[in-house]
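Take a moment with the sequence and the model.

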Amino acid sequence: MKLRNIFLAFALLTAWLIPASAQRHYVPHVHVGAHAGVSLSQVSFFPSVKESMLTGMQFGLSFRYAEERHVGLLAELNIEQRGWKENFEEDNDKFAYSRRTTYVQLPVMTHIFFGSRKVKCFFNLGPQVGYMISDGITANFDYEHPDDMKDFPGEYRPTAQMAMKIKNRFDYGIAGGLGMELVVAKKHSILLEGRYYYGLGNLFPSSKAEEFSASRGNSIVVTLGYMFRIK
């Protein structure tokens, strides 16, 4: 818990204080753009749940401001599909369950970049907040009463999460990514980024009396983007 709080404080300070404290010695650059890609997500449950990555998509708009040669600020407005997929191991061909949650997200990150005028590498880090706008379940069995089903592999397996209603639609956490930017014309560039999101909020109630003390979303997203320089 202490380590997570330190990480969050560091990301917040990095996102807001570094650009504010930098000295101006070159013409500020302002970019706007769009991006889209694929997400791989799961939920960190405690007690743990047998699960695998759920494939989804992400797309959104970007705004980037840089008034230093190597440091800027990046803000995005995204739609991302997250969730988890139950892993039934040797019974995966018989049983299937996945829960997809869709979020509107707002990450605000420090953008650190370096390289030549044509090719740049970059690192993004900062806080992210989101709000769940949809929640859907796909299953080929009665997930509300799985233990009543014949041959269901329920021994030593938590099943409450399958039918539980999500309590917290608001989400927050830390996002960090690495990528490359290719400038294809004076004001046009293409970006490729891989990003990891570590959620700090719980989907389900997390008191000692509840089924899970933790149910935090995590995702890996790979996106291809386009940026247009307006200043």
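Is E144 buried or exposed? This is a predicted model, and in it E144 has a relative accessible area of 52%. Exposed means over 50%, so E144 counts as exposed. Where does E144 sit? Look in the loop between β6 (119-139) and β7 (170-185). Together with D142, D147 and D148, E144 forms a negative surface patch.

D151 is exposed, with a relative accessible area of 52%.

E89 is found between β4 (71-86) and β5 (97-115). What is the phi of E89? The value is near 55°. That is positive, in a residue other than glycine. How accessible is E89? Its relative accessibility is 41%. Partly exposed covers the range between buried, under 20%, and exposed, over 50%, so E89 counts as partly exposed.

One more stop remains, and here the peptide bond is the point of interest. Which kind of peptide bond joins F46 and P47? The bond is cis, with omega about 0°. P47 belongs to the loop between β1 (29-46) and β2 (51-52). Find F46 in the model, then follow the cis bond to P47.

Terms used: Residues numbered from 1 in each chain as written. Predicted model: local features only at pLDDT ≥ 70, side-chain atom pairs only at ≥ 80, totals over all residues. Heavy atoms only, no water. Patch = residues over 30% accessible without salt bridge, like charges linked within 9 Å, V, L, I, M, F, W, Y side chains within 5 Å. Areas by Shrake-Rupley, 256 points an atom, 1.4 Å probe, with all protein chains shown as cover. Salt bridge = Lys/Arg side-chain N within 4 Å of Asp/Glu carboxyl O. Lys, Arg positive; Asp, Glu negative; His and termini not counted. Charge placed at Lys NZ, Arg CZ, Asp CG, Glu CD. Helix = DSSP H or I, 4+ residues; strand = E, 2+ residues; numbered from the N terminus. Buried < 20%, exposed > 50% of the residue type's maximum accessible area, 1.4 Å probe, protein only.
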